[in-house]
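Please read the following points with the sequence and the 3D view open side by side.

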Amino acid sequence: MMAVAQSFGAAQVVTGSCHMLKIEKGPRILVDCGMFQGNDEEARNYDPFGFNPKKVDILLVTHAHLDHVGRIPKLVKEGFDGTIVATKPTMELARIVMLDAARLMEEEYRTLYRKAQRRGEEKKVRKPLYTTEDVEEVFLRVHLYAKYDMPIRLAKGVKATFRDAGHILGSATVQIDFKEKNRRKSVLYSGDLGNKNDIVMKRIEPVERADTLFIESTYGDRNHKSMEETIREFKDAVIATLHRGGNVLIPSFAIERTQEILCILKQMYLKKELPRCKIFVDSPMAVKATHIFSKYHNQLSPLCNRFYKEDGDIFGFSRVRFVTRVEDSKKINKIEHGAIIIAGNGMCNGGRILHHFKNRIWNPKNSVLIVGFQAKGTLGRQIVDGAKWITIYGEKIKIAARIYTINGFSAHADQRGLIRWIRDIDGLKSIFVVHGEPDKQWVFKKVLKRKVGKKAHIVKFGEKLYI
């Protein structure tokens, strides 16, 4: 017998990360348990896992994005009672991410239930995937907090090492070392690797040696624009919109991207490049996440620490307003011009950005800045792909605002960054490609052969891989 690895998410798709490693005569280890987003997301999230949660011994969490932690409450609800291992910032961020997801699902359920009652069809309404109470149950499990570069014992002869992935606060690559039949084995999960831009996060930490690699491939088919060009494009879009009397709408992920945008706007303000405006961070989750980022400032970039040293505040300055209450969010609609509105969610599938779109996306004076990855099937992807009309809350709305797609901000490494990181790993025998769309994975597979000199295998859902 040999160790067996299987992927029950992020297999030929970007979202739903969930990877199992069964060690012979050892523990069953799950790496991440994320939510699917985009095409068929509801059906896939409600589907069975493909394994018995009661038989999972350990859950290792690479980072706190929803597509990596979003189904953990479901895992616990269905019987997982093992140990959860993650960095401390990851657990703090994961709590707010999962609670936000639960609240949104509960609100949607109550709305659908009320409507169904009027039709006498309330029994047909599916209950939320999980509730806020289910999220709290997650934090009653046994936790071990991993520290970067310090191996942590999982079981006899089995250890895991977390290293900084440079993706978001607390993010990590995870290396699992164990012994089978007197042979040492080392399986490395990349999680999501960061983009080398140094605005908020530190750079990816290299890994010296591993036998087997599961590598993300979100941008395995392309290279990002340079950060200098990306920031210039962002600044030009903001300045042009404000000068023509418009408002800037930025659908943004609450974790990392919002903080990155705030750092750039703060730089513009300090350099007197920012026209007169008001900046609103209209996302309760982003506000909470920003506080956590500030708490762990020592894990952030030199730029962030310079801001912290100079004025004690990394992300805030006089133009910025952090909005949590619904009534304060609604007041933003009264501002006719000169507003920069940063709101969730990042893929435009929900959250307060939809209300701002409804009020402003039809106005040609305004601009929408797309600053993050948009999965297939999301509203954000429709906008990026050139949709002329969108439907929000049942209302068809014309897109007349200027759309800027600024790809260089990605928190994911591009093809060049992925290859550079892989080349530094000695002893690699097997490379398995996960976390990517099929067309991009095929391109990346060919590039791995050409530039690294190794064959790679694109992982299918549930496929058994003998390690």
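1. Two strands are said to pair if DSSP finds at least two bridges between them, and the strands themselves (E, at least two residues), like the helices (H or I, at least four), are DSSP runs numbered from the N terminus. In this sense strand 16 (residues 367–370) and strand 19 pair in parallel over 4 bridges, and I370 stands opposite T405 in strand 19.

2. On the source: this is a predicted model, in which local features need pLDDT of at least 70 and side-chain atom pairs count only at pLDDT 80 or more, whereas totals for chains, interfaces and linings use all residues. Residues are numbered from 1 along each chain as its sequence is written, and side-chain values use heavy atoms, with hydrogens and water left out.

3. The chain has 14 helices and 22 strands. Its radius of gyration, taken over C-alpha atoms, is 22 Å, close to the 23 Å that the globule rule (2.2 Å times the number of residues to the power 0.38) gives for 467 residues, so the chain is as compact as a globular protein of that length. Along the principal axes, the C-alpha trace spans about 70 × 60 × 40 Å.

4. The pair in point 1 belongs to an open sheet of 6 strands, whose order is 14-13-15-12-16-19 and whose pairing is parallel. Strand 14 (320–323) and strand 19 (402–405) stand at the edges with a single partner strand each, so one side of each has no neighbour in the sheet. Neighbouring strands are turned by 20° against each other on average, direction ignored.

5. Which strands does helix 6 lie across? Helix 6 (residues 227–243) lies across strand 12 (248–251), strand 15 (339–343), strand 16 and strand 19, and runs at about 165° to strand 16; here angles run from 0 to 180 degrees between N-to-C directions, with axes fitted to C-alpha atoms, for helices over the stretch in contact. Helix 11 (residues 353–360) also packs on the sheet, where it touches strand 12, strand 13 (278–282), strand 15 and strand 16, contact meaning heavy atoms within 4.5 Å.

6. A further open sheet has 7 strands in the order 7-8-9-10-11-20-21, with mixed pairing. At its edges are strand 7 and strand 21 (456–458), each of which pairs on one side only. Strand 7 (residues 152–155) and strand 8 (residues 158–164) pair in the antiparallel sense over 3 bridges, and I152 has A160 in strand 8 as its bridge partner. Their hairpin has 2 residues between the strands, and G157 takes a positive phi near 75° there.

7. Helix 13 lies across strand 9 (172–180), strand 10 (183–189), strand 11 (212–216) and strand 20 (430–434). Helix 13 (residues 415–423) also packs with helix 14 (residues 438–451) at an angle of about 45°, their axes being 11 Å apart. The contact is made by Q415, L418, I419, I422 and R423 of helix 13 with V443, F444, V447, L448 and K451 of helix 14.

8. Finally, please look at the loop between strand 15 and helix 11. Most residues other than glycine have a negative phi, and most peptide bonds are trans. C348, found in this loop, has a positive phi of about 65° although it is not a glycine. N345 is found in this loop too, and the peptide bond from G344 to N345 is cis, with omega near 5°.
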